[in-house]
Amino acid sequence: MKRRDDEWVSLLIVIGATLLVAFGLIALVGSNLMVAVSSFLRGIFGSSYAMSEVLVRATPLMLAALGVSIGFKTGFTNLGAEGQLYMGAIAITATALVFPGLPPIVMIPLVILVGFAAGGAWALVPGFLKARFSISEVIMTIMLNYVAINLVGILVRTGLKDPAYPYPMSPILPESANFMQLLPPTRIHAGLVMALLMVIAVHLLVFRSRLGFEMRAVGLNGRACHCSGIQVNRATILSAIAGGGLAGLAGVSEIAGLHHRLIEGISPGFGYVAIIVALLGKNHPFGIVFASIGIAALQIGSMAMQRTAGVPTSIASIVMGALILFLVIRDSRQSIAILEGV
Amino acid sequence: MPVLEMKDICKSFFGTYANRDVCLEVREGEIHALLGENGAGKTTLMNILYGMYQKDAGSITIDGHEIVFKSPKDAIARQIGMVHQHFTLVPTLTVQQNITLGLRDSGYPFSRERARCEHIDRLSDSYGLKTHSRALVKNLSVGEMQRVEILKLLYRKAKILILDEPTAVLTPQESDHLFAMFKQLKAEGCSIIVITHHIQEVLDHCDRVTVLRDGCSISTVETKGIDAKQLSTMMIGRELVPVARERQNHHMDAPVLELVDFGFKRNGGKVGSVNLSLRQSEILGIAGVDGNGQKELLETLMGLRDHEKGKMVCCQQDISNASTAERRLVGIGYISDDRHRDSLVLDMGIAENLMLRPARSTAATQGHMVNKQCMLEQATRIVKEFSIKSHGLQEPMRFLSGGNQQKLVLAREFIGSPKIIIAFQPTRGLDIGATEFVHNQLLAMRSAGCATLLVSTNLEEILLLSDRIAVIHEGSIMDTIENKAVDITRIGLLMAGVRTEGAAR
Amino acid sequence: MEPIVVVTTFFAASIRMAIPLALAGLGESISEKSGLLNIGVEAIMLCGAFFSFMVVFSTGSFFLGILAGMLGGLSMSMLHALLSIRFKANQTIVGLAQNFLALGLTSFLFLMSFGQTTTLPSTKVLGDLPIPLLSSIPFIGQVLFSQNLFVYLTLGCMVLAHICFYKTDFGVALHAVGEHPIAADTAGLQVHTIRYIAALFNGILGGLGGAYLTTVKLGFFQENITAGKGYIALVAVILGKRTPFGILGAALVIGGAEALQIRLQTAGTGIPSQLFAMFPYLMTIAALLLTIGSAHDPAALGIPYDRDKR
């Protein structure tokens, strides 16, 4: 009972410290704190459209963060969700443009599958290299992000370019490849439903299946799993593929639900923010639902704050970084010991 | 006046006492034994003296001055040196670099290697501690590592030398040499504290002994005028009942496990090769000094390392190249000497740790899913059967005592009645009660027909449990003998690599 | 252009590209040798770049600017060290969070100071400093001795680091702390102090690497100016196997790839420039594959040291 109280108290301290940082920054740019906070809150809750935008932004974050969290379970530190997301986006664009005549009932499952496979393949490379040759996946996945982003740049200028326009972008995809708009005029689309279904799927995989058990065990003590006859490499590689695939689905969802064509910069760093989301959600699928909505709200709100109060949106990055650092301090056993000593 | 006096030392970890009002007094020029079973708090006490741990209460006086050590650095400055049971040498540095690590001499900050090596060579000559000062530590034998550790103390001019279980890595003859060297140091005015749980060692070589039990100091006595039985009672607090091992006749049985010229890679690029056969219902003990290839051999047998050559046949089935999972499915169980690293996921609970087996051999796995009900039922049954003490099936293994953790490992490896158990130091770090439990379980498995390969550096354990004893040295089996009226001297020589009469058999 | 001139300018350009990677890589290698894995090199460099720019812009003094760059880098590396050592945090997560923090902080402060402008505020850059006599040696003089201060500084640092790693007691201590902290502790070394010192060097050198970008190479600052150079410096550490000259070599190879791609991009081939931009990353991946089997990380890399937990 007491321990639970302490946990809440320390969480409140973390939130308080983070708010203090945010308020300090707002004061630093010389904005009125009340104006800034109210524009931040109005940016999120001001209208049903504003609230819907939070969910639109949470969709790719949720999918990519689920992917990151699966990797974390086996100790595969996947910092490459950004690249995997772009690979998913390339995959859906290419598929839909190559087979424009397919009916939606075939097209939608196909692009989802292909997007998953493309993202998974992009993560398979570092996953295999880590499992087999213990090459650091941290660096490998980041390098592959840059490769994927440049690949998009090349494709929208060459193979996938829309010949009708002089801009680097692909043609509009056939309508059969579009996700349904759920609540027009808001931009919420079926990608959100897919993300929520994936939350359940990941929960079942991680906490109910034998493979998920093996993944968790491998992440906690790979050596003991190896000695017990559990195939460590298999678990690691599968978690990498599943994680990459989910990040790939984030790309599919962005194209099919929002942009309907491939352009550069469809992701303003979703893949990186997803890592923060996964950490905040404690790598738990249900935690990630809340964390992705929270972070999306933070970003949407800070945009409104920039428009109205002139506070740069970079404040969102600072807040995310600071929040993680404060949580890290809170979670360290050291600080628990300090608290108990007092 | 004593050189060292520790008074009413208290230390607790996470709420459990490791030391409670412990007193120790060491005189100049004596060999002082610190006797107690595993978990009695001997090492903790010495780590407090050496500045590794901070005491919660009590006082330490050296040469009449009360001192407080914040770290080993302070202890070294007061001429205290300690050799830990797990050696604290950096494998990728040379002998010289390890010995002089952290010292400042006239050349600081530059390393004056030649002068240091010469000094080390002089010391090693005068104390008979042979070593190669320019060799990398990772290429040394365990015995040489110990010599390096002792040279490290001598180089730092230690007056109080602490050694934690120094004879664990030595043959009986080598142990005698070690104590002879201690006598030389003693004559020079040094005081030596030896942590041990071997009563005979205390009686043979030490001047006085302080007995610890359950974190408390029981008493300090002269070794003259006390006998083994009295010491044993002080150490354990009750009379020890030896486990009963009834002899079985099994010469007719076909072997369940056969190793034919079985070659395996050892650390440091060396290769070992063994011939062995293991029959049903027998315990084959492999005795030997630590670091002679035991761990590498067992890990190769489990498929954790690639084997070099030869064959491993289990029940007429060649499994030389099988994976770990396949070997386990054939019916081989493995008890490692390092349960935290090799056997348990410390952050998972009892129930989940019981599932740490190949998927096909777990009852709780149905298709691709886990049957939670079944998993918990199995765990409940095993906790009862092995009387594992815990606060529930989900409690992380981390919070269980070493004995209860090892019980769980045993229970898991015994699921599905394996044909063969490979056990490496199965009682390492356990107290007497848990040790007895493990011994009895191994004997029960033997009665049930299981063949056991028991590898231990503890000769007493081997003698107690084995039907036959093989001695390993430098990766090969020196000889295999029946465990009937064995000559300890002969086993000691075999452990040192010396074959005597009867070796031709 | 004559071929020899092309080759000379290419090599000189490669060296200039390699400098920030070499400096940051050297700092990180000191940190990693002691067991601290800091993937927040990006944050260190970004702060180095930003603060040196701000100070040069407002005071006009390169000396103060470079000093500010070092302090900026230091602030990040010491924060990482504090959280890793004192709070025993997951070092990768801390590094990652710091990258977010630094990215946000530098762009926030930049926008706060200059607002949304169409023309980037800029400063003079540190000029070349040819060394008399040596710079007139054909080819080598052009490539090596007609460079800016940072090039000489980097070479000096490499030599000093080499001596420190392999000839001094501090080098042995650093190695011991990263390989086997318990052994180092029982031998009387202060594990945590040595790790803090390593982090100190990491911050200073990484900050210098970042300062190079704004004070020498570009003369201006923009959001995310490092664009992944901190991560590439991590690659240089692995490729160079944490030896000073190895890191320098790796940085030169990657810098060469960078110089080549810029040359190709500006050559006007009609091929999308992204293809060339991808090139250095593909090369680092290929180079990482070459380390298979030969890489040896310090045994205690990324693991907090705790006496009570054995």
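Reply: The contact between chain A and chain C takes 46 residues from chain A and 44 residues from chain C, where contact means heavy atoms within 4.5 Å. This is a predicted model, in which local features need pLDDT of at least 70 and side-chain atom pairs count only at pLDDT 80 or more, while totals for chains, interfaces and linings use all residues. Residues are numbered from 1 along each chain as its sequence is written, chains are lettered from A and ligands numbered from 1 in the order in which they are written, and side-chain values use heavy atoms, with hydrogens and water left out.

Me: What area do chain A and chain C bury between them?

Reply: About 3,900 Å² is buried, 84% of it on carbon and sulfur atoms. Buried area is the accessible area (1.4 Å probe) that two parts lose on being put together, summed over both. In chain A, Ile139(A), Met143(A) and Leu325(A) lose the most area to chain C, together 15% of what that side buries. The count of salt bridges between chain A and chain C is 0.

Me: How many salt bridges are there between chain A and chain B?

Reply: There are 3 salt bridges between chain A and chain B. About 1,900 Å² is buried between these two chains, and carbon and sulfur atoms give 57% of that area.

Me: Why is Asp342(B) called buried?

Reply: Buried means under 20% relative accessible area, exposed over 50%, and partly exposed in between (1.4 Å probe, protein chains only). Asp342(B) has a relative accessible area of 2%, and is therefore buried. Arg223(A), at 22%, counts as partly exposed.

Me: Which relative accessible areas belong to Arg305(B) and to Glu299(B)?

Reply: Arg305(B) has 27% and is therefore partly exposed, whereas Glu299(B) has 4% and is therefore buried. Their side chains meet in a salt bridge of 2.9 Å, N to O. Both residues belong to a network of salt bridges whose members include Arg223(A), Lys295(B) and Asp342(B).

Me: Why does the pair Asp347(B) and Arg398(B) tie together parts of chain B?

Reply: The side chains of Asp347(B) and Arg398(B) meet in a salt bridge of 3.0 Å, N to O. Asp347(B) lies in the loop between H11 and helix H12 (350-354) and Arg398(B) in the loop between helix H13 (372-385) and helix H14 (402-414), so the pair ties together parts that are 51 residues apart in sequence.

Me: How do you know which part of chain A to read with caution?

Reply: The guide is pLDDT, the predictor's confidence in each residue, from 0 to 100. Chain A has a mean pLDDT of 92, and 96% of its residues reach 70 or more. Over residues 338-342 of chain A, however, pLDDT stays under 50. Where pLDDT is low, the predicted coordinates should not be read in detail.

Technical notes:
Salt bridge = Lys/Arg side-chain N within 4 Å of Asp/Glu carboxyl O. Helix = DSSP H or I, 4+ residues; strand = E, 2+ residues; numbered from the N terminus.
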